[in-house]
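User: I'd like to learn how to read a model residue by residue. Could you walk me through it?

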Amino acid sequence: KKKKRMKTKKAASPYEVRGRLSVAKSATVILVRRRGETWESLMAESEVINWMKSSLDKLVPMRYGGEWKLVGGNLDEGETPLEAAKRELEEEMLSETNMPALPADAVLRPLCVRQTRAVRSRSNLIYFFIGLETENKWLEDLDIEEANTGLAGRRERFKDIFLSGEYEKLPHSKKESISPEIHSLRWMPIDEAVDRCLTSTNPGTWASDFQRREYEIWNVKRLRDPMYLTGIVLRELKSSDTSQELLKRIEQAGPLEDQAKQAQWLFDGMSDAETQDAMKNEDVKIKERQEKQSKL
């Protein structure tokens, strides 16, 4: 039989808003440890294909596919940002890698609130939480090598089911339980993580060999998604030389909801023209802040 060619979506500018902008609240977790003079962040390398939305006839790329990113996701109805942060950490990282469940005494501290640029008609108002190794014994005990071995096995088992055609017959809950979202985990020096994020839209660059190969294998045409905000938050984080300095900064930041009001600059229902104008204005403000900081 003639092999069926899988279709993928055509490349388009990730900043274009089609229809109206959708803005959602989400929570993201930064897990960090100090090694010598360097902060390290536990980064998750995302799968390139969104298997939950894909079929043998049509592949749908993952948002931030193949990028080294932080764990997080949208708030469920009635959920607080902290509850969402803990749930996402449990679902997206710990359970997927067969790690021990998140302890009840896990400490996730509110770090800041930031809003993403409009990417593929969506923007997220992100509540960032931070987990310090010094406050979380479970984080110190994580076996990353064992976790990556588990992820590789999960991926191979999924591939067999998907290519057999049986995957499409499964109920949604079963698909959700076996579909891989993370390819690998790695403790990454903050400087490297920042560099990978801030160069994500540079022509000809790849987050990893895995990302490049997956784009080629599955004929993914769409451009890489910008990782600018993650890079900025991680860069701000490394300005604290010790855990004590970081904790002091967190205490001085103020309530999260007050930060959220100040951080939001894109709103639900904006048109493409309104969104582009807002992003241009935000770029001007960012440049002004950078020039002011350089003079200090």
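User: Which side chain makes a polar contact with the side chain of Arg120?

Analyst: A polar contact is a pair of N or O atoms within 3.5 Å; within protein, one must be able to donate a hydrogen and the other to accept it, and residues adjacent in sequence count only if both atoms are side-chain atoms. Here the partner of Arg120 is the side chain of Asp225, at 2.8 Å. Before going further, note that this is a predicted model, where local features need pLDDT of at least 70, side-chain atom pairs count only at pLDDT 80 or more, and totals for chains, interfaces and linings use all residues. Residues are numbered from 1 along each chain as its sequence is written, and side-chain values use heavy atoms, with hydrogens and water left out.

User: Where is Arg120 found, and is Arg120 buried or exposed?

Analyst: Buried means under 20% relative accessible area, exposed over 50%, and partly exposed in between (1.4 Å probe, protein chains only). Arg120 has a relative accessible area of 19%, so it counts as buried. Its place is the loop between strand E7 (109-115) and strand E8 (122-132). Helices (H or I, at least four residues) and strands (E, at least two) are DSSP runs, numbered from the N terminus.

User: Which residue makes a polar contact with the side chain of Glu92?

Analyst: That is Lys69, whose side chain lies 2.9 Å from the side chain of Glu92 in this polar contact. Glu92 belongs to helix H1 (residues 81-94) and is buried, at 6% relative accessible area. For contacts in general, the criterion is heavy atoms within 4.5 Å. Leaving aside neighbours within four places in sequence, Glu92 is in contact with Lys69, Val71, Gly72, Glu181 and Ile182.

User: How do I read the two faces of a helix? Which residues of H9 are buried?

Analyst: In helix H9 (residues 256-263), the buried residues are Leu256, Gln259, Ala260 and Ala263. Their arc around the axis is only 105 degrees, so they sit on the same side of H9. Lys261 and Gln262, on the other side of H9, are exposed. The buried residues of H9 pack against E7 and E8.

User: What does H5 pack against with its buried residues?

Analyst: Ile190, Ala193, Val194 and Cys197 are buried in helix H5 (residues 190-198). Because they cover an arc of only 100 degrees around the axis, they are on the same side of H5. Their packing partners are strand E3 (38-46), E5, strand E9 (182-189) and H7.

User: How many cavities of 30 Å³ or more does the structure hold?

Analyst: Rolling a probe the size of a water molecule over the atoms shows where empty space is left. On a 1 Å grid over the protein atoms alone, a cavity is a set of points where a 1.4 Å probe fits but cannot get out, and lining residues have an atom within 4 Å of a point. Grid points are joined across faces, edges and corners, and a volume is the space filled by probe spheres set on the points. The structure has 2 such cavities of 30 Å³ or more. The largest cavity holds about 40 Å³, and its lining includes Val48, Tyr64, Glu67 and Asp225.

User: By class, what lines the largest cavity?

Analyst: Ala, Val, Leu, Ile, Met, Phe, Trp, Tyr, Cys and Pro count as nonpolar, Asp, Glu, Lys and Arg as charged, and the others, Gly among them, as polar. The lining of the largest cavity has 6 nonpolar, 1 polar and 4 charged residues. For the second largest cavity, the lining divides into 4 nonpolar, no polar and 2 charged residues.

User: What should I know about phi, and what is the phi of Tyr64 near?

Analyst: Most residues other than glycine have a negative phi. Tyr64, however, has a positive phi, near 60 degrees. Tyr64 is in the loop between strand E4 (58-59) and strand E5 (68-69), and is buried at 18% relative accessible area. Asn219 also has a positive phi near 60 degrees; Asn219 sits in the loop between helix H6 (209-217) and helix H7 (228-237) and is partly exposed, at 23%.

How values were computed: The arc is that of the directions from the helix axis to the C-beta atoms. On a 1 Å grid over the protein atoms alone, a cavity is a set of points where a 1.4 Å probe fits but cannot get out, and a pocket is an open set with protein on both sides within 12 Å along at least five of seven lines; lining residues have an atom within 4 Å of a point.
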